[in-house]
Amino acid sequence: MPGPGMELIGEEEKQALLEVIESGYLFRYGSPDDPNFKAKVYQLEQEIGGLLELPYTVAVNSGTTALLVALSGLGVGPGDEVIVPGYTFIASMSSIIYARAIPILAEVDKSLNLDPDDVRARITPRTKAIMAVHMLGNPAKLDALKAIADEHKLLLVEDCAQAFGAKYKGKPVGSIGHAGTYSFNIFKTITAGDGGMVATADEAAYRRFFGFHDQGHSPLRMGVEVGRRPFVGLDFRMTELTAAVLLAQLKKLDLLQTRLHANKDRFKAAIADLPGIDFREITDPAGECATLLTVFLPSEAQARAAAQELGTRVVADSGWHVYNNMEQLLEKRTITAENCPFTCPYYKGGEVKYWKGMLPQTDGLLARAINISIGVSDAGLGSAFGVTVRDGFDVVDAKIEEFRKVYARHAG
Ligand SMILES: Cc1ncc(COP(=O)(O)O)c(C=O)c1O
């Protein structure tokens with residue numbers, strides 16, 4: 001099973017869907033005078049805005065389009081560079097490419113998120129934004145990244161796809177940068193199969209986000225339209241069906257978080273005494289999502305042997321999240337032959353090159369890392385071993401035993 005929200009899909013989501021189907025309104029816009037129209041998308045935007053402590057939210061159809069809307073809406077475009085970690089999902093890079101800007105890959109540190117020192121080293125006169133990705137539910141080092149962004153007058157975009165519900169030093173992730181984006185695909189904290197959200201404190205940015213996601217229209221299509229649309233937009237709208245499921249899932253967020261933290265704390269404490277074991281640096285233990293427990297073994301050989309016996313793989317071998325395994329990026333394979341944005345005349349940075357091994361610090365860390373599932377069980381991510389949010393302490397304890405035995409055989 002994939003993510004924690006998916007594990008708890010049940011009667012509430014079913015009822016929410018039925019309600020929408022029976023209302024006759026599947027589109028986010030409906031007649032405000034008709035009591036049957038429940039405006040679920042709008043309601044979801046309000047509820048998530050409240051949770052994120054942000055006044056402006058736009059529901060979209062995926063975490064990828066959320067990123068594209070955020071980048072383009074904030075003005076990232078041709079000629080710009082965006083610094084992004086080499087350990088993330090391809091959507092972080094593909095959204096930059098479709099915004100017609102250039103992804104500049106940077107190292108992660110032991111937090112498995114952007115290394116602020118490396119970010120600083122990669123700033124050029126063309127840098128427009130830093131994309132902080134909160135990988136595997138663990139907030140990036142936002143204090144340091146925000147300070148760098150402020151110092152160099154850069155945008156800070158938070159890709160919170162894997163960290164919906166997380167907090168960094170008391171503030172929801174996504175509320176610290178200029179915009180936060182979220183995903184509701186099946187591997188995420190809460191899910192409706194697919195879906196996304198963009199959030200910001202900036203009203204002007206919000207108006208651009210809304211317009212981009214809905215053919216250039218003003219927020220909620222009020223006070224528009226014909227003759228006054230500011231730019232050409234697209235359609236990334238969320239449906240009432242998706243929003244209804246997400247509203248039902250939101251009610252389960254507290255329960256999810258409590259269970260995830262209890263299981264993760266138990267697992268971590270029970271293996272902390274293993275000789276030579278090390279853990280991923282967690283920037284905010286109480287605020288993170290606790291969906292995964294990442295351990296570092298002393299050597300790559302030990303990590304590979306242990307991962308194989310556990311039926312999983314080291315993080316370096318994830319086909320989804322490691323730049324080394326993203327052939328479409330490494331080879332700059334674009335949809336049309338002109339190879340934009342890499343050949344864009346607005347871009348003055350010379351030839352853009354990506355290659356395997358270009359981030360040695362990241363490679364070294366990921367080769368020794370194993371992701372233990374606490375609530376996101378995904379072979380592609382490299383977390384085939386572990387527990388789910390449904391599992392109680394009996395299952396957790398059995399998995400701990402198994403892990404300890406395997407560890408002792410290979411690294412003990
Ligand atoms: C870090 C990260 N960014 C963006 C996305 C894109 O989200 P979606 O699959 O909803 O388009 C994902 C999804 O896996 C992700 O993990």
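Between which two helices does the loop with Ala39 lie? Ala39 sits between helix H2 (11–23) and helix H3 (40–52), where helices (H or I, at least four residues) and strands (E, at least two) are DSSP runs numbered from the N terminus. Bear in mind that this is a predicted model, where local features need pLDDT of at least 70, side-chain atom pairs count only at pLDDT 80 or more, and totals for chains, interfaces and linings use all residues. Residues are numbered from 1 along each chain as its sequence is written, and side-chain values use heavy atoms, leaving out hydrogens and water.

Now for the backbone. Most residues other than glycine have a negative phi, and most peptide bonds are trans. Ala39, not a glycine, has a positive phi of about 50°. At 18% relative accessibility Ala39 counts as buried (under 20% relative accessible area; exposed is over 50%, partly exposed in between; 1.4 Å probe, protein chains only). Leu112 also isn't a glycine, yet its phi is positive at about 60°. Look for Leu112 in the loop between strand E3 (102–106) and helix H6 (116–121); with 0% relative accessibility, Leu112 is buried. Then there's the cis peptide bond from Cys340 to Pro341, omega near 5°. Pro341 belongs to the loop between helix H12 (327–330) and helix H13 (360–367).

On to the lining of the largest cavity. Helix H10 (253–271) and strand E11 (292–296) each supply at least two of its residues, and E11 gives the most, with 3 residues. The lining has 4 nonpolar, 1 polar and 4 charged residues (Ala, Val, Leu, Ile, Met, Phe, Trp, Tyr, Cys and Pro are nonpolar; Asp, Glu, Lys and Arg charged; the others, Gly among them, polar).
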